[in-house]
Amino acid sequence: MSMPPPVAQDDAQDDTRDEARNEARDANTSAPPAAYRTSVLDSQRALAGSPAAWVNQLRREALEQAHVLSLPTRQDEDWRFTDLSALYRLAFKAASAPAAVVAQAIDPYRIAEAPQRLVFIDGVYAPELSEGPSGEGLTVCSLAQVIAEPSHRLHETVRAHLGTLAPASGGAFAAINTAYLHHGAVLHVARNQAQLTPSHLLFITTREGLASYPRVLVIAEGGSQCHVVEDHVSLHQGAACVNAVTEVHIETNAQVRHARIQRDSRSSFHIARCAVSVARDARYESVSIDLGARLSRLDLSVRQEAPGVHIALDGLALVGNGQLADTHSFIDHAAANGASRQLHKTILSGASHAVFNGRILVRPGAQHTDSAQQSRNLLTSGRARVDAKPQLEIHADDVKCAHGATVGQIDQGELFYLLSRGIAPEAARNLLTYGFAADIINRLGVASLAQRLRQQVLEQTDRAGSPS
Amino acid sequence: MSSTLQDLIDQPYQHGFVTDIESDVVARGLNEDVIRLISAKKNEPDWLLEFRLSAYRHWLTMTAPEWATVDYPPIDFQSIAYYSAPKAKKKLASMDEVDPELLRTFEKLGVPIHEQKALAGVAVDVIFDSVSVTTTYKKRLAEAGVIFCSFSEAVQEHPELIRRYLGTVVASNDNYYAALNSAVFTDGSFCFIPRGVKCPMELSTYFRINTQESGQFERTLIVAEEGAQVSYLEGCTAPQFDTNQLHAAVVELVALERADIKYSTVQNWYAGDANGVGGIYNFVTKRGLCKGDHSRISWTQVETGSAITWKYPSCVLEGDHSVGEFYSVALTNHHQQADTGTKMVHLGRNTRSTIISKGISAGVSSNSYRGLVQIGPKASGARNYSQCDSMLIGDRCAANTFPYLRVMNDSSTVEHEATTSKIGADQLFYFASRGIDNESAVSMIINGFVKDVFTQLPMEFAVEASKLLGLKLEGSVG
């Protein structure tokens, strides 16, 4: 589905025409070079066979899919506004051996509130940096370890769940991730156990030119509660590529809070897929924050499997010069009595680009769905660009659904008020931008992390505010 | 409530009859010879033939769009007759010369082509299967300097105007169906309001599809010069057929500085029967260009018919301070599919646009709003407000909203809102407690739902539109 091509016939319509030309040019150059596929899958052969036959099977099937599925281009409706040709021109290799990272290097990223932490260096599990015993009923451990031990008590559970929500057939990037399936994090909380302190999954890239394939599997059994913080950071300024897949299974009456922080280097590419299934009367709350990467894309899909669920998705993308942040969310109300709420905010400065596609589907029979979606976009630069597309698809009549999208600037009235209090224009603007962002950050529920991110937002808006 | 409502929904099509007039039909199929034949039959200048041929050649390279949320079997363009004209070929000086059979048809449709319309102050350019039969009030319009005639007549009498504006808003290669139309259009309306003239009456055209499987390819061009004002009405009905009919019209509006064009449509073509058999395919390209500063183009549409509607009346806001408006009510029932909306392309400074769209779906129909609001980098101070509401009647229909917002300027403001609702049992209960029966309650709720749009319609049209909604949904409600 796409709109007909933009009008392009009159001299004065140069804006549209330029764009049409650009699109035509992109169409020519953005055909993914076969070389990219070859190079990205090249290091897969070097991957040692897994001790578990079913993992080898998963990888093999994924590899086949990765060869068959087309790499997305701007010809695909889902990628219309996000041009991956820059990624396709580069070659990234998976890390063969973990880089040595001293414990101090990760100090700035420690979360005081989180007793459990798993650290992955360039996609490889680093046990020496990880810590925290698994708490009561809560297991936070390495996926590779669970796979390697057939006697591990989670082995069969993991086998039954891995790759079911985000199958390799779902897209080229998920297929590539699955073809490299090895390291990853498993978070399992047993029936009726509540683990309210956050578990920190820290994914670090240390060098440029590397591709990493983070994998997270969260399983919350019936009546349980947990809080997971998925954190992607860079220790370098170069270009790396992160291709992450997260699957979250929430069983009856369970509750999961999921924070996703992406602060990769500003030359990196970050492509993530997060698939969530929510069972009867369960609850899923997610906060996604995108600050880094030259190009970031998050595909977040949440499926309501049974009646009575509650889904809350919050998102913030703060992008500056040269950055693109793309969020595609999909809330699938496949059963009755579901409630969903979504607030997605973007702040743009410099020549940046934000994309939001929020799809809400109410399937036949999903009566009494109550869904509200808001997309709010703040433009602070004349060179920035926003593409917002909230979508409602409704196949049931007794529902309450609303969505809204706004694109605008800092409110002149608010600015004037601050000026009248003697605050300098620049500071006033930064303060208002900060407030716009803090609204989302404050929903994280992890005080120290929120504090640090607010600080980062302040620094980033200051930088963007100063003449460049 | 559902059984009452179902009865109301299931009102049969009341305009279903076929007039038995011998038609002059070109053999089915499409190739360059057919296009040359159409052009020759209409005695067209060479440049227009060239326009058609280049559009046709481009069309051959295009593929039918598949992005819309509509579903239909592939169209065999070779099985369509591209030209049909009523036999009575000679120019008619008065109503007496019009084929009485044709007059009776209009009588049945309730088109008061003679005195009634004159008293109502409306000039009607009646299109009866592609060729204009008669035009009223031409003289009075001519006194004001307004040109309002059939497209073929305009090609003969005002070729310089047609040549200057044709294809400037919707290029002949704009999209698949616009290209097809540019190649084979048979007739349509042309309207020209010179500088500073306020059109003395509302202009109105009735389109009517008559010959089985003769796809209609209307071409409408309206040009309002500096400071001119016009309100244009278009209404459609069609007889009941089994075979799907293709309708691919193109409407182009050009508003120069401070000009104001208001374009209103009531569309009630045959939508197919209750099982989704038959019905018109309505694939229309409508676009207005606000070329001059302070110009304004306003689209109002009431879409109740057609098996498939694929229609996006759009505004290109090129002049500074220009204004674009889109008010729409789309009603789908049974197996109807509608994918409709608008595009507001803001290019000039301080341009403003408003979008109000109301979708009502019933039966197993599908009703989608698809819209684009684009603010170009130079459109400083641009402002858009969009509101898209859907109402669902029954649990087997679908209502979709696909708004695209593209903003490339930091001094502009874009707002979009969409809601979905139904006629709630609590609402009906409240009415019942006040002694108002379900039928009246439903009609009141629906009329309230669409009121924002109906107030934009010219008076006579608002009445007709209410009647149409009544036919489609509420029985006798007016």
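Mentor: Helices (H or I, at least four residues) and strands (E, at least two) are DSSP runs, numbered from the N terminus. The expected span of a helix is 1.5 Å times one less than its number of residues. This is a predicted model, in which local features need pLDDT of at least 70 and side-chain atom pairs count only at pLDDT 80 or more, while totals for chains, interfaces and linings use all residues. Residues are numbered from 1 along each chain as its sequence is written, and chains are lettered from A and ligands from 1 in the order in which they are written.

Trainee: What does helix α9 of chain A reach from its first C-alpha to its last?

Mentor: Helix α9(A) covers residues 425-441, which is 17 residues. At 1.5 Å a residue the expected value is 24 Å. The helix is close to that, at 24 Å.

Trainee: Is A:I147 buried or exposed?

Mentor: A:I147 is found in helix α5 (residues 143-148) of chain A. A residue is buried if 20 or more other C-beta atoms lie within 10 Å of its own, exposed if 12 or fewer, and partly exposed in between, with C-beta atoms placed from the backbone. Because A:I147 has 24 C-beta neighbours inside 10 Å, the residue counts as buried.

Trainee: Which residues does A:I147 touch, not counting those up to four places away in sequence?

Mentor: Two residues are in contact if their C-beta atoms, placed from the backbone, lie within 7 Å. By that rule A:I147 touches A:S50, A:P51, A:A52 and A:V55.

Trainee: Which element gives the largest share of the side of chain A that touches chain B?

Mentor: On this interface, 42 residues of chain A are in contact with 47 residues of chain B. The elements giving two or more residues to the chain A side are α1 (14-29), β20 (385-394) and β21 (400-408) of chain A. The largest share, 10 residues, comes from β20(A).

Trainee: Over how many bridges do β20(A) and strand β23 of chain B pair?

Mentor: Two strands pair if DSSP finds at least two bridges between them. In β23(B), B:A399 is the bridge partner of A:I394. β20(A) and β23(B) (residues 398-407) pair in the antiparallel sense, and the count of bridges is 6.

Trainee: How many residues of helix α10 of chain B are buried?

Mentor: Of the 478 residues of chain B, 56% count as buried. Helix α10(B) (residues 425-433) is hardly covered. Among its 9 residues the count of buried ones is 0.
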